Amino acid sequence: MKSRTKVVVIGGGIAGCSTLYHLTQMGWSDVVLVERDELTSGTTWHSAAQVTNFGMTQTMVGLKSHSIALYKKLRDDPEYPVGYHHGDGGIRLANTEEQMQGYRHFASMARGMGVEYEVIDAEECARRHPLISTKNLLGGLWDGQDGDIDPAQLCQALAFHARKAGAQFYRNTPVTGLTQHKDDTWTVHTEHGDIDCDIVVNAGGYRVNEIGAMMGVQHPVASMEHQYFVTEDIPAIAEAGHRMPLLRCPISDYYSRQEKGGLLVGFYEQDCKTWGMDGISPSFSNDLCPDDLERVMDVLEGAFKRMPALAEVGIKRVVNGPITYTIDGAPLVGPIPGKCNAYCIIGLRAGLGEGGGHGWLLAQQIVHGEACFDTWVIDPRRFTGHATVELTALKAIEDYQNEFRFHFPHEHRPAGRNAKTTPLTPTLAAEGAEFTVVNGWERVDYIKPSPDFHPSLSFNFDEAFDVVAAEVANVAANVGLAEVNGFNRIEITGEDRHAFLDRMICGTVTKRDGRVGLGYLLNEQGCVKAEATVANLPASVRGPGRVWYGSAAASEYHDMDWLTAHLDPGEDVQLRSLTNDHTILVLAGPNARAVLSDCARGDWSAAAFPWLSVRECCIGFAPAVVMGVSFSGELAYEIHVPNASVCAAYLALREAGKTYGLKLFGARAIDSMRMEKGFLQWKADLITEFDPFETDLSRFVKLDKQDFIGKAALLKRQAAGPQSKLVTLKIETNHAPAHPGSSLMRGNTVVGTITSGDYGHRVGMNLAYAFVKPEFAAVGSSLQLDLCGEHIDAHIIEPSPFDPRFERMRT
């Protein structure tokens, strides 16, 4: 066995085999996989192995398309062919118009990735799948690329080609420990000796947290028992003359695919069961859980009604095995939070179907530092300190029970709520707040007009539209107050803090005490990595001279890892997270200064405290840091308060605001207002696929700086010219917003993709942002938005239709 290699991948299922294969395809041959038993002896071997091209984001569609292309290549490889039924087709059924509307949106989204779905009616569903009944059926979504693959053959083929390229596999080699050294390299301890390596990858399947514990981390992954059975031959299948399409049914919570002359039928029962929460036996390998068909009888009854032939055929075998879930159902593929040179590819509940693409994207991150798609949807750092295995189990149960029911816009399911709250959460709930969830935080979405107010789930504007409009109107005319909790906040101290930030940020870094600036961080490819406010606090009784680095709530682990990774040895810079210690109260509107002046000592006039200022003070008696910044486009202040004092600050502001018409507002109003101002949102409009010039951020780039991360790559991209341009659109309809991922068309050609959409209540426009091919990006150009199957006119307009000179926020 090797004693030194570049990468060690731990785990020999689809995740590990795909990662190692793709590393070798990218030129890294000095790589090793270690497996405690035999390859595919975990979840992989008993997988139902469905390979769909359906995804709910463009990244997921892209990685699945790669899987399909790879599996076809392996199927046709004469050296090591794989059994792959490609192109049987698959139908996702629907019995409500809202589900059908969602399918039309997903078809629009996939079209931008070169993938075509069909939305078909009930009769066409039955024509393509002659075993199903059309009772209580409206239609479905057809994926012509759907199929299934032999899981063991797939993994062995990936291993075969990886070995040919120089990779080595060590089976029956349990890992007993992991040691990281001062230079961030690793030693992987096994029962057969140690292997030193630069990089380690956790691909441990349901044993993910056994491996995680060896490096001092816990991953939000939990396992569920999942059952399917295989029937005896069904005469109608032979009579059909073609292979049966795959079927996924949110009405009765089951799926089916053809297995020889019968069907494989799997169940997502409501009375579902977690697995392995109290540990996994070392001997559980190539093993299954005890059959428990009684648990799925309610689901089976629905399956009989949809497919009557099932009631007339015998069962050949039953499989009940563990499959892994994360908090949101998407896997964790990428850097392990808080660790250098450590990656994971875990939580793959649909591992066989997606594993080719996941391994491809992970290998790109390892080799190049970034993947061709923005991978935030699968990034392990999208979950932070709240993400326990216990919370994951609650969400896994909920997700399992709703396996084929997609999330609607503004839908927040109840499991695992109140994971992160502030002292104000119960107060705001008593005020009638409806909450949304941001990185686990309960954040006010809007204030309900009555306790029984419950908007319907739809891709149209819902019943909260007028509620949000009223909140915006009060902010614009008087003053509003909002709690924005969870905002990422890193305190940076040390003599070299500004030099450090100057190297990290592609534009001018504000260095003067008492001033605030906005900056963008790029990756090594010259594309947008992060957005940050930089506030310079002078030395005071509260602390030394320091910088508060602020960014999106979801970026808490992401940004800390990025900053930490780029500290130079000997540099006098210290980083400390304040994210979970402070809360922001946003005071916005023309009367904001008057309210602030009535509850905080000092001169808050425009001359004494202009836009982009920062000052320490007390709100009432609560210590606070106030920043003159605005995401709404109105005169506004961010008031940063320690959580221990946030109730006192809130009460002081409410009392002072009585004279000035102060009312509460929430996240939906903020989103509406930021759209009107041309303000962008991280991981919606700010993604790693585009550089700052393409993202309309050239004013934040200073190319005459000596150096900054990504500068060389950015210069090359600038010379090559833009591939896309971010534009602002006016959508010519008032019944629905433009949804992220929707396609923009010129004729029958996709020319762009929506990143954000919302109604601008102050300007009376339905607005959207989109990346569009440069030749179609001129102001005044007309395009068509594929909005849930309906083609709507969309016109490119100037950015910031509300107060384009930014006069109101400077007043």
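Trainee: Which residues lie nearest the centre of the second largest pocket?
Mentor: Keep in mind that this model is predicted. Pro335, Tyr343, Arg381, Trp562 and Ala565 lie nearest the centre, out of 31 residues in the lining of that pocket.

Trainee: Ok, and what volume does the second largest pocket have?
Mentor: The computed volume is about 680 Å³.

Trainee: Which helix gives the most to its lining?
Mentor: That is H14, with 6 residues. H14 spans 556-565, and helix H9 (351-368) and strand E20 (342-346) also supply at least two residues each.

Trainee: Which domains does that lining draw on?
Mentor: At least three residues come from domain 1 (4-380), and at least three from domain 2 (488-578 + 690-720).

Trainee: How many of those lining residues are charged?
Mentor: The second largest pocket has 9 charged residues in its lining, alongside 12 polar and 10 nonpolar ones.

Trainee: Switching to cavities: how many are there of 30 Å³ or more?
Mentor: The count is 4.

Trainee: What lines the largest cavity?
Mentor: Its lining includes Arg593, Phe609, Trp611, Tyr637 and Met809. By class, that lining has 8 nonpolar, 2 polar and 2 charged residues.

Trainee: And which strands supply the second largest cavity?
Mentor: Strands E5 (90-94) and E7 (139-143) each give at least two lining residues. Among the residues lining this cavity are Phe54, Asp146 and Arg248. The classes here are 4 nonpolar, 1 polar and 4 charged.

Trainee: Last one: where does UniProt place the GCVT N-terminal domain?
Mentor: An unreviewed UniProt entry puts that feature at residues 426-705. In the model, the span is 24% helix and 29% strand, and its end C-alpha atoms lie 48 Å apart.

Key
Residues are numbered from 1 along each chain as its sequence is written. This is a predicted model: local features need pLDDT of at least 70, side-chain atom pairs count only at pLDDT 80 or more; totals for chains, interfaces and linings use all residues. Side-chain values use heavy atoms; hydrogens and water are left out. On a 1 Å grid over the protein atoms alone, a cavity is a set of points where a 1.4 Å probe fits but cannot get out, and a pocket is an open set with protein on both sides within 12 Å along at least five of seven lines; lining residues have an atom within 4 Å of a point. Grid points are joined across faces, edges and corners, and a volume is the space filled by probe spheres set on the points. Helices (H or I, at least four residues) and strands (E, at least two) are DSSP runs, numbered from the N terminus. Ala, Val, Leu, Ile, Met, Phe, Trp, Tyr, Cys and Pro count as nonpolar, Asp, Glu, Lys and Arg as charged, and the others, Gly among them, as polar. Domain bounds come from an automatic or database domain assignment. UniProt positions are given in the numbering used here, feature names are shortened, and annotations may be inferred rather than shown by experiment.
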